[in-house]
Amino acid sequence: MDRDTDVNKWSCDDVQAWLTENGFHLYDNKFGQHRIDGVALLTLQESDLRNPPMSIDILGDIKRLYNCIHKLQIETYGEKSYHSCKGSDIVDGSFNQCTGSVHSSPGRNVKRMVSNESLSDDDDDDEIEAEVQRIVNKSGRYSRSLDPEIFKTFLSFIYVFFVFLITSFVMTIVHDRVPDPQKYPPLPDIFLDNIPYMPWAFEVCELVGLILFTIWSCILVFHKHRFILMRRMFSMLGTVFLLRCVTMLITSLSVPGVHLQCDQKFGSWYAKLTRTYEIWSGFGMSIQGVKSCGDYMFSGHTSCITLLNFFITEYTPRRMYTMHTFTWVANLFGIFFILAAHEHYSIDIFIAFYITSRLFLYYHTLANNRSLMARDKHRRRVWFPLFSYFESKCDGIVPNVYEWPLPYPVSFVRYFEKKNKRH
């Protein structure tokens, strides 16, 4: 049958003839009933075939038919122009197809732009989770290279190990430089001036941090890509504390509370090195007997609990609402307890949370998007040189897949394998 080579000019009869030629004669009447001509055919998505009013219920036919329609779309507009048309024509809440305009909500447009699919706001969270995972798999955004690269993880551990040593030494230096509380009393602070001093609060903050660390350790034990997660944790933690060394050293703030005793000085090199070891071996924690002054800008405790919170929520399934809510509440309460202990000024807390959260988001945005990583490569090498090396092979999102870390017992191994296949 002779048909116009321009699909946009096809009539409904031409579409039905095309269906028959491609082995989809069972759906001739359905396409005719809904007046699908060439223009309408080129705007069809897989969801249109699957959902009412078309409601094709044979999965194989849906996939094969959409594949043929997609080929027509590419042949008509060209692959590059077709994808750019779909991805760029979102204006004032409208998704402008190459052949017309279909008005819909902005949220739906974004999902169509990414995946050729539609998600409804009425879908429950499990359906959205499954759909997002399917979209990611289809568009190739999950990393295809998930080599554990243990050597890189070891280097990241060496990096954070030496950064903690440097931080401990800088804390010793700034302790000797802290201004005399008699001459320079605590600075005015909106929160500290209105929150009574609680001597036990700092220890509670550290207990909150230990709880978050325990949760994160359990995730690492069972996460299939634990070495990638550890490498990211070490590199970000080291970078945050290296920046903290600079901010502590360049400006010395007066003590935030009159209860702080900063009379002891470490004049000799031997005393400084001994004190450095004490801080390093005690992880700078007061529950380990470490008391320090001068390390105010910015709060290391806030950075640690914030990073733990972000890593836990990033590398666990989004349906684990209870855990995510708990970690966020713990993060906020930890910050409150630091302020209640009068161990840091409010600005120390704010800067610590902002820097840590922005670094985490910036790191993962680049790591999860290869195109952004390539575009930002020059600035990235200057501001975060370790990123280029540690993430050189990872080209997408790291999936949250879990496994039993030991070969025995076999029943546990099989349980995790079944769970992974199911999801």
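## Tour from C205

Select C205: at a relative accessible area of 1%, this cysteine is buried. Buried means under 20% relative accessible area, exposed over 50%, and partly exposed in between, with a 1.4 Å probe and protein chains only. The model is predicted, so local features need pLDDT of at least 70 and side-chain atom pairs count only at pLDDT 80 or more, while totals for chains, interfaces and linings use all residues. Residues are numbered from 1 along each chain as its sequence is written, and side-chain values use heavy atoms, with hydrogens and water left out.

**Stop 1: the cysteines**

C304 is partly exposed, at 27% relative accessibility.

Now select C262 and C293. A disulfide (cysteine sulfur atoms within 2.5 Å) joins them, with an S to S distance of 1.9 Å. The structure holds one disulfide. The S-S torsion is about -80°, so this disulfide is left-handed. The two cysteines are 31 residues apart and link distant parts of the chain. C262 is in the loop between α11 and α12 (269-281), and C293 is in the loop between α12 and α13. Helices here are DSSP runs of H or I with at least four residues, strands are E runs of at least two, and numbering starts from the N terminus. C262 counts as buried at 6% relative accessibility, and C293 counts as buried at 2%.

**Stop 2: the cores**

Select L212, W216, M236, Y296, L307, F311 and Y363. These have the most contacts inside the largest nonpolar core, which has 58 residues. Such a core is a set of buried Ala, Val, Leu, Ile, Met, Phe, Trp, Tyr and Cys residues joined through side-chain atoms within 4.5 Å. Show the helices next: α9 (150-177), α10 (201-222), α11 (226-250), α13 (300-314), α14 (321-340), α15 (346-368) and α18 (385-390) each supply at least two residues of this core. α10 gives the most, nine residues.

Centre on F311. Leaving aside neighbours within four places in sequence, F311 is in contact (heavy atoms within 4.5 Å) with W216, L229, R232, M233, M236, F360 and H364.

In soluble globular proteins, nonpolar side chains tend to be buried together.

**Stop 3**

Most residues other than glycine have a negative phi, and most peptide bonds are trans. Select P52 and P53: a cis peptide bond joins them, with omega about 10°. P53 sits in the loop between α4 (46-50) and α5 (59-77). Go on to M297 and F298, also joined by a cis peptide bond, omega about 10°. F298 is in the loop between α12 and α13.

F283 is also found in the loop between α12 and α13. Its phi is positive, near 55°. F283 counts as exposed, at 61% relative accessibility. Last, pick H342, in the loop between α14 and α15. H342 is not a glycine, yet its phi is positive, about 55°. H342 is buried, with a relative accessible area of 11%.
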